[in-house]
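Biologist: I would like to learn how to read a model of this kind, taking one feature at a time. Could we look at it together?

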Amino acid sequence: MLTFEPYGNPTYFALLGVALLPLMIGLLYGKRSRLYETLVSIFFLVLTFGGSKWTQGVALIIYILYEVVLTWGYAVYRRNHNSGPLFYLMVILAIAPLTIVKVTPAVENGQASLIGFLGVSYLTFRAVQTMMETRDGTLKNYNIMTFLQFMLFFPTISSGPIDRYRRFEADYRSVPDRDKYLGMLQKGIRYLFVGFMYKFILAYYFGTILMPKLQLMAMHSRGGFLDISWPLIGYMYCYSADLFFDFAGYSLFAVGTSYIMGIATPMNFNQPWRSPNIKDFWNRWHITLSFWFRDFIYMRLVFWFMKHKVFKKPTTTANVTYIINMLIMGFWHGVTWYYITYGLFHGVALVVNDTWLRYKKKHRQSIPHNKFTQVFAIFLTANLVCFSFLIFSGILDKIWFLK
Amino acid sequence: MDIKATVLDILNDLTGNDVSGAMDDNLFDSGIMDSMASVQLLLSLQSELGVNVPVSEFERSEWDTPNKIIAKVEALA
Amino acid sequence: MAKRLLRIFGPLILAAILVFAVLASPVTFGFKHISTTRERQAAVSLSPNVLRGKHIKEAALSDGYVPFFGSSEWSRIDPMHPSVLAQKYHRDYRPFLLGARGTQSLTQFFVMQNIQGELRNKKAVFFVSPQWFVKGGTRKDAFGFYYSQLQTAEWLTHYRHDAIDQYAAKRLLQMPAAKSDHFIYAALQRVAAGKSLTKDQRFYLQTRKNMLTQEDQFFSGINLPSQNLSRVNRQAKKLPTQYSYSALDRLGGQLGKQATGNNPFQISDKFYNHGLKQEIKTGNLKDFQKNLSYLQSPEYSDFQLCLDQFARLHTDVLFIIPPINQRWQKYTGLSETMLKQFDQKIHYQLQSQGFNNIVDLSDKGNVPYFMTDTIHPGWRGWLAIDKRVDPFLTKKQAQPRYHTSDKFYEKQWQQLEPSQLSQYENNK
């Protein structure tokens, strides 16, 4: 039995093309066959989680059953009741498997948890989101089959983008008209091809060819102030480029495949390198994740803090929440000092950014705003981001602590 | 006091800008509003108009201009 | 709608056809030429891509390079390393180093498959590491790392119906790497069962071979590591202009003395500090090889594959059997008797089949500065090897007469105690 990394090789794409062809023809003639879509999904899930990865497959099945029981149980309960503590308990239970998966390597010397599988975090985001909207009363007609389709939608299962239940349901329950679908097809194919360029040419160049050389050089050039060297700086930019092209490439594949299936999965990247500030960067980088954090952690925490008047000033509330929000994001990446520092760095950057924006607003007359300052802002933001990725890359851990 | 005036008051208070002159301008794109201000808006709507908007109802694309906000609040009130 | 669909899918279909046409075609696209610099780089690169490929090896081997089969020892590049000496003293040959950490006989057998033309009636050097002959033979992950579909496909397009290729197929089927291509896997099963390939399988293999050959031509030259070549160049500067064995031997001793000294094993300090030091401190390494044996191993049959391949191609091969650093061997409790018996067994396998060019250094483990670390030759060791390699490659040799035997594929041989060698000989 063969296993495939999603979008990992030409064979995967060939199989994808064959499997999607009947689906495309169906959609062009206004038909959506749930049965066929389910079979295709199962086929690709088996390709990803079968064969030598079967333990992950088992973990996935158990995990899905667990989350179905939680979300379905809560949806039934929520029809007539609304207890705060019970809601918190359910959210904690929903996050528990992910927490175990993320903490295990840190306490077990890098040993991966048995209950982990590719995509566990992205599925958790979807489940928690479903639960929160159920609590808010915005998601009223929870349906197990739709939930399963939403969770197990194969194009996005391994690394997002993180869709929303109601948005997905609306697409899934309807068939786009022919003109609209042709437009989606066109976009889908284009996304796949841009993805090829990103992932298999650019990310390959930066990640596979250039990066190991720079890493080796950086390791050899240790000894200066904080072991910083020119190769390390080169590594920082190279790593950032690889991270972007690899992940944006993958996201293009996932979104492109979704479009071909008539589902408008939201985009994950929107020209992040032209952000004039960190706040804007998070509106353009890994968008579905940062929006998930914004909607389900940041806004809710702010709401709670303000309602209970925890802090006197709104700016304090905002600042504290920025730090908490980004720290959680850091922890989510993994329990290592560099991921957490990365989170903290972005939290602080957001606070500084907000303070500056307020200051600028007040002193609008005396602060110049022109082409040059705009270019400078973009340059500064991009470099700060690259620096944060240097922390994120973990190379500092090797440079400083590897004997 | 009608809803429109109250919402505009809240917005002016929140943003320190007079938004009544540009009722269809995107408040988020121009940087006048952000997540923080959105939450403050929701809280003010609750305290001043008694309109309860859960955070997950706040789909940004439906709340991004003064006119859209007023329409939303009128629908929910 | 048709028009719009054509606009969407037309370019996609066209691109797919073009890519397939280029890859599947048996024509070469002017990538045949490989520059001398690139050959020099590839010959010492030890890059897995070069090993797995064809194009670069083929070009270099038909251009004065001689294949040096082996494993991790090739990476011990000091001034007496065969590549350095050959370059410095303008020998008529240049070693093309094939193998790196983890390559063993089975990998080398497949490596030979697509350089047959360059091996036929030519010379080669083969470095046999006793460490290969452990109980389990080659490690599956290491084999998988160096596994090349191209070489397997090429072999399957010209394999013979004999015990040799049947054994090779069976052995390959035991490796997870064989499953990387479903069709190749099915073909291997037929070869192992002694059946002929089906027409479809032959067609598939031919097409796949063409595709992989094109890929190899297009891509194997990309990202060729160049550090080793600069190391060779740096080391060559340390050598005197005129070759003199005794002068070089003295220099080797001096260099060895400078590079070692912080440990009781006469292991290069650099190697010792790199991990070994910590391990020694724990005391775990004392006598840890006490029960290790190189006497029973599937590797003996894998090694036979290489011998048979050389015999088929009438390649004249010089085998090198290295010693083990004696201080290290004593410390770790590795049995001296066992090593002697290994030597007997491997000698029997070689000589009984007519492979008589053997540089047996197994008794040199106590010569100072012969080894650079625990099991790899350095300084004076490399020089001793060169003393035999140079005349073998530069002087005319008598045509070897091989008479190989399939008995070496039997479990009985793999498991044979060397003490029973004479009995074995009489019974066969």
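This is a predicted model: local features need pLDDT of at least 70, side-chain atom pairs count only at pLDDT 80 or more; totals for chains, interfaces and linings use all residues.

Biologist: Which domains does the assignment give for chain A, and how far apart do their centres lie?

Modeller: The domain assignment divides chain A into domain 1, covering 10-175, and domain 2, covering 184-266, and the C-alpha centres of these two domains of chain A are 26 Å apart. Where they touch, domain 1 of chain A contributes 16 residues and domain 2 of chain A contributes 14 residues.

Biologist: Which helices supply the side of domain 1 of chain A that touches domain 2 of chain A?

Modeller: At least two residues come from each of helix 1 (10-28) and helix 7 (165-172) of chain A, and the largest share, 5 residues, belongs to helix 1 of chain A. Sorted by class, this side of domain 1 of chain A holds 10 nonpolar, 3 polar and 3 charged residues.

Biologist: Which residue does UniProt list as a modified residue?

Modeller: An unreviewed UniProt entry lists Ser35(B) under "modified residue: O-(pantetheine 4'-phosphoryl)serine", and in the model Ser35(B) lies in helix 2 of chain B, which spans residues 35-49.

Biologist: Is Ser35(B) buried or exposed, and what is it in contact with?

Modeller: A residue counts as buried if 20 or more other C-beta atoms lie within 10 Å of its own, so Ser35(B), with 22 C-beta neighbours inside 10 Å, is buried. Apart from neighbours within four places in sequence, Ser35(B) is in contact with Arg294(A), Tyr298(A) and Met299(A).

Notes: Residues are numbered from 1 along each chain as its sequence is written. Chains are lettered from A and ligands numbered from 1 in the order in which they are written. Domain bounds come from an automatic or database domain assignment. Two residues are in contact if their C-beta atoms, placed from the backbone, lie within 7 Å. Helices (H or I, at least four residues) and strands (E, at least two) are DSSP runs, numbered from the N terminus. Ala, Val, Leu, Ile, Met, Phe, Trp, Tyr, Cys and Pro count as nonpolar, Asp, Glu, Lys and Arg as charged, and the others, Gly among them, as polar. UniProt positions are given in the numbering used here, feature names are shortened, and annotations may be inferred rather than shown by experiment. A residue is buried if 20 or more other C-beta atoms lie within 10 Å of its own, exposed if 12 or fewer, and partly exposed in between; C-beta atoms are placed from the backbone.
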